[in-house]
Amino acid sequence: MTADIAHLEEKKVASEPLFEGRFLRAYRDTVALPDGGTATREYVIHPGAVVVIPLLDDGRVVLERQFRYPVGQVMVEFPAGKLDAGEDPLVCGQRELLEETGYRAREWAKAGVMHLAVAYSTEVIHIYFARGLSAGDRKLDQGEFLDVFTASPADLLGWCRDGTVTDAKTLACSVWMQNVLSGNWALEWRAADNPAP
């Protein structure tokens, strides 16, 4: 898509820090609007993350159940985690898959990226597929509690449809999974030459 977008852009005039936490920062900016007016934008700076769609040889996918405090619910999700400063997204995906599920993958493919909440966050999530999985021991972070389980793609898609799955990244990745498994969307697979330690 190569449309002219200059008439839509907003320009920062001033910026005020609101909050600085361990990995999130919040700002309130004044912006100049395309029509010459001004407006306020509040947003969160996020370091980015990776989500992994792990495909088992028997056709099932690996999923997690984890309590998410902000929404007060146990959520069904694909394995995911935030990027460390300067970390390569593939390395992050390999690390998170091993730490959270105990699985290592023989092959990896980058599917794309998604912006999780464009109205108020800079967060970008890198989407990876993993296959040729071998099970091992999990290495959960201190204070991290989650269950790992497997499901058929049909079951996962049913949960997306009936509202069991409401996590945005897992919903988006289920669209990717469905199209990749049907052969509609191709991936470029590569060997895991630097698997997570």
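This is a predicted model: local features need pLDDT of at least 70, side-chain atom pairs count only at pLDDT 80 or more; totals for chains, interfaces and linings use all residues.
Residues are numbered from 1 along each chain as its sequence is written, and side-chain values use heavy atoms, with hydrogens and water left out.

Let me start with the whole chain. It has three helices and eleven strands, where helices (H or I, at least four residues) and strands (E, at least two) are DSSP runs numbered from the N terminus. In order along the sequence, they give the pattern β-β-β-β-β-β-β-α-β-β-β-α-α-β. The C-alpha atoms fill a box of roughly 60 × 40 × 40 Å along the principal axes, and of the 197 residues, 41% count as buried.

Next, the open spaces. A pocket, on a 1 Å grid over the protein atoms alone, is an open set of points where a 1.4 Å probe fits, with protein on both sides within 12 Å along at least five of seven lines, and its lining residues have an atom within 4 Å of a point. The largest pocket holds about 1,400 Å³ of space, a volume being the space filled by probe spheres set on the points, which are joined across faces, edges and corners. It is lined by 37 residues, and the closest to its centre are Phe 23, His 46, Arg 68, Glu 123 and Lys 169. Helix 1 (89-101) and helix 3 (168-182) are among the elements that give two or more residues to this lining, and the largest share, four residues, comes from helix 1.

The second largest pocket holds about 190 Å³. Of its 13 lining residues, Asp 29, Val 31, Arg 41, Tyr 43 and Ala 119 are the closest to the centre. Strand 3 gives the largest share of that lining, three residues.

Which side chains does the side chain of Arg 95 meet in polar contacts? Here a polar contact is a pair of N or O atoms within 3.5 Å, where, within protein, one must be able to donate a hydrogen and the other to accept it, and residues adjacent in sequence count only if both atoms are side-chain atoms. Arg 95 lies in helix 1 and is buried, at a relative accessible area of 18%; its side chain makes such contacts with the side chain of Glu 87 at 2.7 Å and with that of Glu 96 at 2.8 Å.

Finally, Ser 121 sits in the loop between strand 8 (104-115) and strand 9 (124-134), and is buried, with a relative accessible area of 15%. Its side chain reaches the backbone nitrogen of Glu 123 at 3.1 Å.

Technical notes. Buried means under 20% relative accessible area, exposed over 50%, partly exposed in between (1.4 Å probe, protein chains only).
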